[in-house]
Amino acid sequence: MPETVQESDADRDAVPTDADEQTAEAVADESDRGPSGEDLLVREGDIAGDYLERLLDLVDYDGDIDLDVEAGRAVVSIDGGEDLDKLVGPRGNVLEALQELTRLAVQQETGTRSRLMLDIAGWRADRRQELKDLGKATAERVLADGEKVRLQPMTPFERKVVHDAVATIDGVHSESEGEDPRRRVVVFPKS
């Protein structure tokens with residue numbers, strides 16, 4: 001038999017306190033905000049993974065897609081297929097183009113610009129290590145010679161890795177100069 005709850009006069013006459021109103025506002029604010037930043041990044045990764053899976057099916061390449069969130073951005077990597085080097089291209093040119101297309105697919109779905117990072121066959125991870133080594137070696141050379149060094153033009157990803165590596169060496173600093181796609185890192189001795 002259902003239980004009946006009766007409202008007492010005290011319940012009817014109770015006036016909400018400031019704490020009650022603040023709690024209600026906080027709950028309303030939470031529901032208005034929607035998913036958290038991490039949830040949005042996971043959604044970006046899922047959208048990108050679906051897009052890239054369709055692409056792999058279309059070109060009939062094998063590959064395992066891994067989704068992650070690192071440093072405030074969605075990271076998608078494709079590994080395991082024999083033909084994946086073709087999706088990297090010379091100096092990562094095809095990879096960069098695929099990353100942009102994937103970002104556009106995510107933006108079309110979410111309505112917001114994506115900073116998603118794509119890696120294929122571990123190329124970007126290997127390239128990151130090469131660039132760290134290049135940045136440190138260049139910084140040490142500039143420190144020893146006292147002369148600035150201009151590196152070859154690089155993508156924004158490559159320049160960021162080099163700048164970070166140079167920043168670990170005292171007595172030198174780096175700047176980017178030029179316009180894309182010819183933008184390059186220049187390493188200077190500190191005055």
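Asp180 is placed in the loop between β5 and β6, in a chain of six helices and six strands. These elements are DSSP runs numbered from the N terminus, with helices being H or I of at least four residues and strands being E of at least two. The model is predicted, so local features need pLDDT of at least 70 and side-chain atom pairs count only at pLDDT 80 or more, while totals for chains, interfaces and linings use all residues. Residues are numbered from 1 along each chain as its sequence is written, and side-chain values use heavy atoms, with hydrogens and water left out.

- Asp180 is partly exposed because its relative accessible area is 49%; buried means under 20% relative accessible area, exposed over 50%, and partly exposed in between, with a 1.4 Å probe and protein chains only.
- Apart from neighbours within four places in sequence, Asp180 is in contact with Met154 and Arg159, where contact means heavy atoms within 4.5 Å.
- Asp180 and Pro156 stand 24 residues apart in sequence, and their C-alpha atoms are 8.8 Å apart in space.
- Pro181 also has its place in the loop between β5 and β6.
- The peptide bond from Asp180 to Pro181 is cis, and its omega is near 10 degrees.

**Backbone angles in other places**

- Most residues other than glycine have a negative phi, and most peptide bonds are trans.
- Asp60 is not a glycine, yet it has a positive phi of about 60 degrees.
- Asp60 lies in the loop between α3 and β1 (64–70), and it counts as exposed because its relative accessibility is 67%.
- Arg91, which is not a glycine either, has a positive phi of about 55 degrees.
- The position of Arg91 is in the loop between β2 (73–79) and α4.

**Helix α5**

- Helix α5 covers residues 123–145, and its 23 residues should span 33 Å at 1.5 Å a residue; the end C-alpha atoms are 32 Å apart, which agrees. The expected span is 1.5 Å times one less than the number of residues in the helix.
- The buried residues in α5 are Arg124, Arg127, Leu131, Gly135, Thr138, Ala139 and Val142.
- These buried residues of α5 pack against the helices α4 (93–110) and α6 (156–166), and against the strands β3 (117–120), β4 (149–153), β5 (172–177) and β6 (184–189).

**How α5 meets α6**

- Two packed helices are described by the angle between their axes and the distance between the axes.
- The axes of α5 and α6 come within 8 Å and cross at roughly 45 degrees. Axes are lines fitted to C-alpha atoms, for helices over the stretch in contact, and angles run from 0 to 180 degrees between N-to-C directions.
- α5 passes α6 in a right-handed crossing. A crossing is right-handed if the near helix is turned clockwise from the far one by less than a right angle, and left-handed if anticlockwise.
- On the α5 side, the contact is made by Trp123, Arg124, Arg127, Arg128, Leu131, Lys132, Gly135, Lys136 and Ala139; on the α6 side, by Phe157, Glu158, Val161, Val162, Ala165 and Val166.
- The residues of this contact of α5 with α6 divide into eight nonpolar, one polar and six charged. Ala, Val, Leu, Ile, Met, Phe, Trp, Tyr, Cys and Pro count as nonpolar, Asp, Glu, Lys and Arg as charged, and the others, Gly among them, as polar.

**How α3 meets α4**

- The axes of α3 (residues 37–59) and α4 come within 9 Å, with a crossing of roughly 125 degrees.
- That angle makes α3 oblique to α4, and α3 passes α4 in a right-handed crossing.
- By class, nine nonpolar, two polar and three charged residues make up the contact of α3 with α4.

**The chain as a whole**

- From the N terminus on, the elements run α-α-α-β-β-α-β-α-β-α-β-β.
- Buried residues make up 31% of the 191 residues in the chain.

Key: Angles under 35 degrees count as roughly parallel, over 145 as roughly antiparallel, 65 to 115 as roughly perpendicular and the rest as oblique.
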